[in-house]
Amino acid sequence: DWTTGNVIDEQVAAIREQVGDKRAICGLSGGVDSAVAAALVQKAIGSQLTCVYVDHGLMRKGETEQVEKDFVAATGVQLKVVDAEERFLKALAGVSDPEQKRKIIGREFIRVFEQAQLEILQEEGPEVAFLVQGTLYPDIVESGGGTGTANIKSHHNVGGLPDDIEFELVEPLRQLFKDEVRMVGQELGLPEEIVQRQPFPGPGLGIRIVGEVNKERLDLLRDADAIAREELTAAGLDRDIWQCPVVLLADVRSVGVQGDGRTYGHPIVLRPVSSEDAMTADWSRLPYDVLARISTRITNEVRDVNRVVLDVTSKPPGTIEWE
Ligand code: XMP
């Protein structure tokens, strides 16, 4: 019989068997899958697990705190946070091409994560041999199956370590679909905001600013995004929509009027979509009063934004994200 309790018991036993008395590392992204995978492994092997969270400075408001505080409080997990905001912003400076942004963010992420792994290996000893990943059943089907080992190369001159460290993968969610992962997470006592989190791209807000990425623009977008999320949640629409990217058109300005004065500010795009699997999507027909509240609040509360526009494009031809 499939119950979340059975799944948890089975996986806890399997993880204990696989890892033994060795150590494991898990990267947390802030997303559901890595959080549930980490919570399961934590339940199985406790302090033999160390989680790593790379703060690239491209997260939405409150998301880093959610991992640092709420996730740690719910699981008791040992967490290493790497504050890499400055490094990412420096690498992204002057770049507006979407593909280039994605490449830079991906490259920096791997470097920072590998560095953190090496530091943990040095602190905990080289018996760290397991890498936890939140791979789901659909991920395996899509990539043609197969498990394996992750070969992490050390390009960094940290002394006393082998050049190539072989990690064996621990993938406790391999047999689960997304909704099952959420149920398991709930049963494990993870916060609702983590378990019910909508999809969010790895490159974060870096690909939701059309134009160059900098701290000021990120802060502005964080404020606008927080308002949209707050109002969608208040209206009870979270579960109806797949996700709602909020995009800053940093290279566009339009004329507005506020108080007695003329403004020349940036537009914010709302991109609410309905979807089953993100391969195709339709724009969500959100109630006008909710859209009106979001628009009024964003233009009133977010400096330099004087216009809110709604994206009414399906996928295809539009993608869900703008970059
Ligand atoms: P698109 O924009 O291709 O997005 O229609 C489809 C879904 O994938 C998410 N997305 C990403 N997720 N890393 C991720 O983990 C990425 O680089 C990435 N890019 C897009 C997007 O939010 C949507 O749910």
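**Ground rules.** The model is predicted, so I kept to pLDDT of at least 70 for local features and 80 or more for side-chain atom pairs, while totals for chains, interfaces and linings use all residues. Numbering runs from 1 along each chain as its sequence is written.

**Domains.** The assignment, from an automatic or database source, gives domain 1 (4–194) and domain 2 (208–310). Their centres, taken over C-alpha atoms, are 30 Å apart. I found 10 residues of domain 1 in contact with 9 of domain 2; contact means C-beta atoms, placed from the backbone, within 7 Å.

**Core.** Next I checked the largest nonpolar core, which has 69 residues. Such a core is a set of buried Ala, Val, Leu, Ile, Met, Phe, Trp, Tyr and Cys joined through C-beta atoms within 7 Å, with buried meaning 20 or more other C-beta atoms within 10 Å. A24, C26, V36, A38, V41, V132 and A224 touch the most other members. Helix α2 (residues 32–45) gives the most, 10 residues; helices here are DSSP runs of H or I, at least four residues. Setting aside neighbours within four places in sequence, A38 contacts C26, L28, C51, V77 and V132.

**Helix pair.** Last, I looked at α1 (residues 4–19) and α7 (residues 178–187): their axes, lines fitted to C-alpha atoms over the stretch in contact, come within 9 Å and cross at roughly 80°. I therefore logged them as roughly perpendicular (65 to 115 degrees). T4, G5, V7 and I8 in α1 meet M183, V184 and E187 in α7.

Technical notes:
Axes are lines fitted to C-alpha atoms, for helices over the stretch in contact, and angles run from 0 to 180 degrees between N-to-C directions. Helices (H or I, at least four residues) and strands (E, at least two) are DSSP runs, numbered from the N terminus. Angles under 35 degrees count as roughly parallel, over 145 as roughly antiparallel, 65 to 115 as roughly perpendicular and the rest as oblique. Two residues are in contact if their C-beta atoms, placed from the backbone, lie within 7 Å. A residue is buried if 20 or more other C-beta atoms lie within 10 Å of its own, exposed if 12 or fewer, and partly exposed in between; C-beta atoms are placed from the backbone.
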